Every structure is written in C-alpha cells, then in structure tokens.
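Please look over the model below before reading on.

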Amino acid sequence: MKQSINAIQFFFIGILFLVFSTMSCARSESPSTIEPQSQSELMLGTACRITIYDKPTEEAFSEAFARIADIEARMSLHLETSEIAEVNASAGIGPVKVSDDTFRVVEKAIEAARFSEGAFDPTVGPLVTAWDIGGDNPRRPPQTEIDSLLPLIGYDRVILDSEHLTIELLDKGMMLDLGGIAKGYAADEVAKILAMHDIKKAIINLGGNVLTVGTRIDGTPWRIGIQNPEAERGGHVMIVGLDDQALVTSGPYERFLELDGIVYHHILDTESGYPVKTDITSASIITDESFLADALSTAVYSLGLEKGLDLIESLDGVEAVFIDKDRELYLSSGLVDGDITYTISDTDFQITNL
C-alpha cells in the first residue's frame, strides 16, 4: 500500500511540474508554439512521466515506456522472473549470464560503491528486503536478524565477467538491489530514444529523478525545483537552471516506517544495518548523466555533509546541494561560482559555507 501512495504522490507532483513548466513556456512563446504533450505510466515502483515540448509523437512515447518496462523486467528485485532475481537465487552457487543492460547497471553500481567507499552498495538487498520500508510489509527486524545479514553486504564479493556478461555473488544469501540506480539508467535510455526521434526539448521525470533534454523553447534553462524536505510534495527550497542535465535528490522523507514514535527511513547504513544517521535532510546531485546522479545522491546522503561534499568536489562535472536540519544550504563549487544558475525560493533557508 505504501508504494501505491508514493506513486500517486509522484504522479501529482508530475502534474504540478508540467503545469509550472508549461506556464513558463507559454509566457515567452507565441500562440503558434507546439503545445507540449505528456504521458505517464506507473513503472519502477513509481510514476514515470515524459513531457515533450517540440515534436511529440505517439511512437516516441510508446518506445520510451517500452524501454522503461524492459529495464524493470530485467532489474527489479521484486520480480521473480528478473535477471537480478536469478542472480540473487544463484548466490553462492555460480555465475549467471545477463543482458548487456543489467551488466552495465551492476558494473556502474559497483564503480559507485568503490569511489564512495561503500556508502552506496548494491549488495544491500538482504537489509532492504528485511526492513521492506516502502513495501507491503514494512517492519523493524530484530537485532539478531540484522546481525545475521550484515556479513552478506559487500560489493567486493560481486564478480563481474565483461567478456561473458556474467554476474556472480560469492556468498549464499547475498542479494543485489538496483533500486538506487536503475531509475537513473532508465532516464538516460529514454533520452536516447527521444534523440532518435529528433526530439530536442523534453523533461523525463521518473519518480522525482528528473532529466532535462535541451533547453526550454525560448532557449533558457529549464527551471527545476529542489524539494523542501520539511514540506508536502511540490514545495521547493530553491530552483536550479538545467540544460541537458539531471537532478536527483535523496532524503528520508519519501519512504519511512514509524514505530513507537521512532521514524525509520529507507536509506540503510550497510555497517549498522539501520537507517543512516546523518547531519543532512537531503542531498541533490546535478550532472549530465542521470545514471550517475542516482547512485551519487544516495552515496552522499549516507556520507553526510563534509565527506559528501568532498566526494562531489573530487568528481568532474558533478555539483550538489545539501540541506541540513537547521535549514542551511551548502553548495558545491560549481553552484557557488555560477556555473549553474539558481534562485532561493524559500527564504527560511539560507546558504552557508563549511
């Protein structure tokens, strides 16, 4: 039930976002401008919305959603017939041949795990399944269960064979979970399909993972809001200008479980087995590749402000916005230097420096 509620919320924010973007374009364009067209589907456990502003065609929409469905069918942790399910079922037994899609995503996930030193780790599957936050049966696992699952977490025990496209989990009980990266990959793949249809102006919104294609009709950057972690969906703290870039935010406010007055969110610490404890309430990543932004948003949220910002500053072409509990905003150097434009939309939040 929780997943269904989240999907409806994302669908609603997609509608608000479309209205905001359409109104912004309409103010600057003549009546002869092509009307934007948008379609939505419930996929990847959320609402996936594609809005095309220059050359919308039914064929482009159809191919894009078919591509998302194909990725979900291969990579979902919750589908018994998926390739990831097959890999997980063969943990401790032997390698499993997978599609190029699945291999590339797992390969990228392992890469992200390495440079974040495990803050993002696709082998978190056993813990995700045990807590099931956002699923049908959320719960707080007993400490004995958590202790038994922690030894199964470890990206260094995933063996990839690029020649034969096989994935092997070395220990029985290990599980891959690509929930923190598959939506980003799907967004990038949708952008490729739109490009094949010569579509140059679009917004791809997969449950809050936003990827912009080109610019607005008038040539200015898309204006994309960063969610206020304290407000209802649709309230934003700042607006950033994006041109062929992705914006992905991670925070504890989307999926959580409340028991005995304690709130447990869905971003799990692979060392303690419990939800991450951090000094920030959200982390937003801006980069050219949604694939990378998806993994990084989880990683830097888990790392916290100082380590997370250090990681971002070490990566070329990646920027970030951090929000803490005191309503302070911390910006990476590209935002500070004006490489990406922004405006503060909620004056209760103030920019500060470390």
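What follows is a description of the fold, the surface and the salt bridges.

This is a predicted model, in which local features need pLDDT of at least 70 and side-chain atom pairs count only at pLDDT 80 or more, while totals for chains, interfaces and linings use all residues. Residues are numbered from 1 along each chain as its sequence is written, and side-chain values use heavy atoms, with hydrogens and water left out.

The chain contains 10 helices and 17 strands, taken as DSSP runs numbered from the N terminus (H or I, at least four residues, for helices; E, at least two, for strands). Of its 354 residues, 53% are buried, where buried means under 20% relative accessible area, exposed over 50%, and partly exposed in between, with a 1.4 Å probe and protein chains only.

The structure holds 16 salt bridges, each defined by a side-chain nitrogen of Lys or Arg within 4 Å of a carboxyl oxygen of Asp or Glu. One of them pairs Asp156 with Arg157 at 3.9 Å, N to O, and Asp156 counts as exposed at 55% relative accessibility. In another, Asp218 meets Arg216 at 4.0 Å; Asp218 is partly exposed at 32%, whereas Arg216 is buried at 9%.

Asp348 and Arg327 form a further salt bridge at 3.7 Å. This pair links distant parts of the chain, 21 residues apart, with Asp348 in the loop between β16 (342-344) and β17 (350-351) and Arg327 in the loop between β14 (318-324) and β15 (328-331). Asp348 is partly exposed at 48%, and Arg327 is partly exposed at 33%. Elsewhere, salt bridges with shared partners join Arg67, Asp70, Arg74, Glu83, Asp101, Glu189 and Lys192 into one network.
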